[in-house]
Amino acid sequence: MNNQGTFMMPPAESTLAHEVDALYYFIYYVSLFFFVLIVACSLYFVLRFRRKGKQVERTPDISHNTFLEILWTVVPTVILAIIFVWGFRGYLKLTIVPKDALQIKVTGQRWFWSFDYPEGVNSLNDMVVPVGKPIALLMSSQDVIHSFFVPAFRIKQDVLPNRYTQAWFEAKNVGEYDLLCAEFCGTQHSSMLGKVRVVSTQDYNRWLEEAVGSLGAGMPLKDLGEKLYTSKQCFTCHSLDGTKIQGPSFKGRFGSEAVFTDGSKRTVDENYLRESILNPQAKVVAGYLPVMPTYQSLLKEREVDALVEFIKSLKP
Amino acid sequence: MYDKALPQPNYLSEPKGLKSWLLTTDHKRIGLMYFAAIMGAFILGGIFAMLIRIELISPSKVMMGADAYNQVFTLHGAIMIFLFIIPSIPAALGNLILPLMLGAKDVAFPRLNLCSWYIYVFGALFAVYSMFANAVDTGWTFYTPYSSETGTAVISMALAVFILGFSSIFTGLNFIVTIHKLRAPGLTWYKLPLFVWAIYATGILQVMATPVIGITMVLLVLERVAGIGIFDPAMGGDPVLFQHFFWFYSHPAVYIMILPGMGIISELITAFSRKKIFGYKAIAYSSLAIAFISFLVWGHHMFVSGQSRFAAMIFSFLTFFVAVPSAIKVFNWMATLYKGSISFATPMLYALSFLFLFAIGGLTGVFLGALAVDVHLHDTYFVVAHFHYVMMGGTVVALLGGIHYWWPKVFGRMYSEVWGKVCAALVFIGFNVTFLPQFVMGSQGMPRRYYTYPEQYQAMHLFSTIGSWILGVGFLIMTIYLLHSVFKGRIVGKNPWGALTLEWETTSPPSPHNFEATPEVTHGPYDYDKIVVEPT
């Protein structure tokens, strides 16, 4: 990463970022020119024509100047027309997805991002993409509106619950870039952060192979569950050492007795764990908020089994 | 030459008693009651603003949790927009001054006028209830489906907006009719002060746009209460439809906020440079042009919300179109200064601040109208800074200028000029320190409505917070010297600024019926080339 960005703009890391910045700086300098003009003229006039003494005087009747009035109507109109056309052309480039792009399905959910690759791989908050290849994003939300925003790529697109929206980018350099949610979505809106990890094609293929491998075939369920505990972000809310975070710790959870917000109780068994993963709001443990999202569409059958086995293995 | 006592009877002293105020139909008293109410709202919204800025000093928790923060920024926005800035200039200064400017005894419908104040108070109570009953946390924009689902008091705030809308519609309607029917003899349309033209254009927007937000809020409430699926996709609705409805009102509402401010600036610049306005008709008609075009640009709030590229193109084009009349106004004000006799009294300092700040607010709007650039800047602090430069740097600064300008007319007494100047400077400096850094962090990618943020933005957040303290001190001192002047200020005559509009021809404060006899208008509002009036 040799690109540090400028004072106003973050590093320009997508193929189109420089075009956006060029227009940004064009408007910036045009605005600066007019701003200085307005301030300088006003300052000059108020100082040059400031009232001296108490004497009330008549002032000249200067209420029209056809040349000036046409000038300051036409010049801004022309400049704005240029900016309009420039901005629209850039917008078309930003929004029309190239045909040969690699498609990743993006799902926004309170409060994380989920990415599904054509190979069947899924990752959370960690989007790995090959450098120098157009990436198409087909996006939808599981709940409220989110917005997919990567400042370094100059792309932003709302992610809606009832329809697909699209965006695309092509990263220029290997590196890690912030992914932010830009549409207010509730309590942890500002923590709905992810990373776009741009890697070389070889690294991408290797990552993909590994990820496909860890889809589980041949791996013992408990080991797969342990892997999923990290890759599916369980650890952000559930500890393994008994610490209380957003949710109950997994340590010694299996076989213990859970008390729920409605006062009812039940022993933690396989069916309870399964329900809590797929339909977490069904029973909420007393002392915790109902903040866990459903993993219904994010886990395969074998992965649910694996997580259950993993939690079972964590003795008190 | 100054009178030692206020002229009697005046509208402040006669008739007496609380009942005479609560049941008054006098536009000046209603204006003052509005003034008190909106200032209360401004203080409340301002306290929430200070809380936001304190919390953002550091990316980690300073004094409140994420949910409380979300409620605080929502209340700041909702209160400032719906309870303060929309009614501020038209309902308070418009009521106080507009009939005087027209040489009228009152507005066209005095009882409707009082009614709209009570509706405002009734609506405000719903908003206050929402504050205490698990305060709303949706942002002032109430975007669905978040607002259809969240457990906070959305319904009472939505009803507040619905009710406040009627207050706004009635005020607008009242002023439109008043301007048409109650002008003094000789006061033709082209002799109207530009403040009147601005209030007229605003009135059209209030009457035509406000019903849309009212209906939208009712639909939102129905969705939440009766489960009628209009916006929530879980019930078969369309969340983007809400955004269309919302901005169909809320973009014109931006001009409900700024047009009256522009009207005040035309008054201030002419009065304090004692100069005929440059391009009277251009300014008057650009107000109407802005009002008209403002109905056709709502989609520029939705460039990344999934609307079609074709729609985005149309909305971007029209957005640039609305920039031209605003630019023309700025150039006209500048040209008015040329060869004037310019005084630096407090109201003029605000007018000059306005030129500076509104220029920044307007020019940064050009970035956001440009489609490709807006994709990056949308929903970042750049937008936050932009609309604060327009709404606060524009409207609020104009309001402060107007308050200082008409203060001696309304109360018959003058505030401390020294403290006035000090506070004008504090507001100007504090405002820029608060909001200039937000352009930078927004361009760098800092999204709005963030409780925590990446550490790289902390320095600019700190700057911004310090600016808010300077602003706070400015407003505090201003409150003190203005209140002090109501009781102890120097008594002034009819026309302390030597201005030519009609409100300066009656006593300060005016008698209950405004003028001794209906004035005959023989000169234009800015005929400083022909007439010389000694300040009294």
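Author: Welcome! Two strands pair if DSSP finds at least two bridges between them. Strands (E, at least two residues) and helices (H or I, at least four) are DSSP runs, numbered from the N terminus. This is a predicted model: local features need pLDDT of at least 70, side-chain atom pairs count only at pLDDT 80 or more, and totals for chains, interfaces and linings use all residues. Residues are numbered from 1 along each chain as its sequence is written, while chains are lettered from A and ligands numbered from 1 in the order in which they are written.

Reader: What makes β9(A) and strand β10 (residues 194-199) of chain A a pair?

Author: Five bridges join β9(A) to β10(A), and at least two are needed, so the strands pair. They run antiparallel, and Tyr177(A) has Val196(A) in β10(A) as its bridge partner.

Reader: How do you know that strand β6 (residues 146-150) of chain A pairs with strand β9 (residues 175-181) of chain A?

Author: Two bridges link them in the antiparallel sense; the definition asks for at least two, so they pair. Phe148(A) stands opposite Cys181(A) in β9(A).

Reader: Why are 75 residues from chain B counted in the contact with chain A?

Author: Residues are in contact if their C-beta atoms, placed from the backbone, lie within 7 Å, so 75 residues from chain B and 72 residues from chain A are counted. On the side of chain B that touches chain A, α10(B) gives the most, with 14 residues.

Conventions: Two residues are in contact if their C-beta atoms, placed from the backbone, lie within 7 Å.
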